[in-house]
Amino acid sequence: MAAESSGRGEVTKEHVVEAIEKLTRGIEHVLREAKDGYAACVNIDDFLRIDAKCGIRQMFRAMPIYAECMVSLGVKTRAEQDQLCSTLFQYPEVRECYDALLNTEEAFNDFSKSVNVELQKEETKMIPPNVTTTGSRLPEELSLVDATTGDEVGLTSLCARSTFTVIVLMRHFG
C-alpha cells in the first residue's frame, strides 16, 4: 500500500492524502482571506497596496504551504508531486483529495484572473510604461517594492539578498 519513488523511500497513501488535504485547506484559507480583503477594499489600488492587511500580499502565503507539502512528500517540484499522487490513483481517497486540490487551485486562479481584469479596467500600472516587454531584460536600476517589507528597493539589491529570490512582476502583457 505504498508508493516507491526514487530518493523518497516509501510514502503511504495515508501520508499523501493527509499532505494534500492539508495543502488544500491552507490554500482555501488563503483564498478566503484574499476574497474577504478584496471585498473590503474601496478600489483595486487598496487591495494591491503592500501594507494592506488582507491585500494581495496575503495571497503569497500560499507559497510556503506548497513548500511544506512538497517537503512532507519528499518531492521538489509540482510535477514530482503530481507523479507521486498518480501512482496512488487506484485509491479513491487519493483521487478525491487530489481532485479537491485541483478545484481549489482553479478557484484561486479564477480569483487571480478576476483581480487582473479589475486591474486592467482601472489601468493601474505597477511598472511604468515602456520599461519592458515580455521576454526583455529589466534595467538594473528599476525600482521595485519588496513585498516582505513594503520598502522601495532596486532590482540589483533585491536579487543580491539570497541565493533564491522570487520576483513577481504584477503587470499584464497583452
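Predicted model: local features only at pLDDT ≥ 70, side-chain atom pairs only at ≥ 80, totals over all residues.
A residue counts as buried when its relative accessible area is under 20%, as exposed when that area is over 50%, and as partly exposed in between.

A pair of aromatic rings is described by the distance of the centres and the angle of the planes. Searching the whole structure turns up 2 aromatic pairs. In one of them, the ring centres of Tyr38 and Phe111 are 5.7 Å apart and the planes stand at 90°, which makes the pair edge-to-face. Because Tyr38 belongs to helix 1 (residues 13-40) and Phe111 to helix 5 (residues 92-122), this contact ties together parts that are 73 residues apart in sequence. Phe111 has a relative accessibility of 6%, so this residue is buried.

Next, turn to helix 4, which spans residues 78-86. Here Gln81, Leu84 and Cys85 are buried. These residues cover an arc of only 100° around the axis, so they sit on the same side of helix 4. For Cys85, the relative accessible area is 1%.

That cysteine brings us to the sulfurs. A disulfide is a covalent bond between the sulfur atoms of two cysteines. How many disulfides does the structure have? The count is 0, with a pair of cysteine sulfur atoms needing to lie within 2.5 Å. Cys69 is in no disulfide, and its nearest cysteine sulfur, that of Cys85, is 7.4 Å away. Cys69 is buried too, at a relative accessible area of 4%. For Cys85, the closest cysteine sulfur is in Cys97, and at 6.2 Å it is too far for a bond.

Terms used:
Residues numbered from 1 in each chain as written. Heavy atoms only, no water. Phe/Tyr/Trp six-rings, centres within 6.5 Å; stacked < 30°, edge-to-face > 60°. Helix = DSSP H or I, 4+ residues; strand = E, 2+ residues; numbered from the N terminus. Buried < 20%, exposed > 50% of the residue type's maximum accessible area, 1.4 Å probe, protein only. Arc of directions from axis to C-beta.
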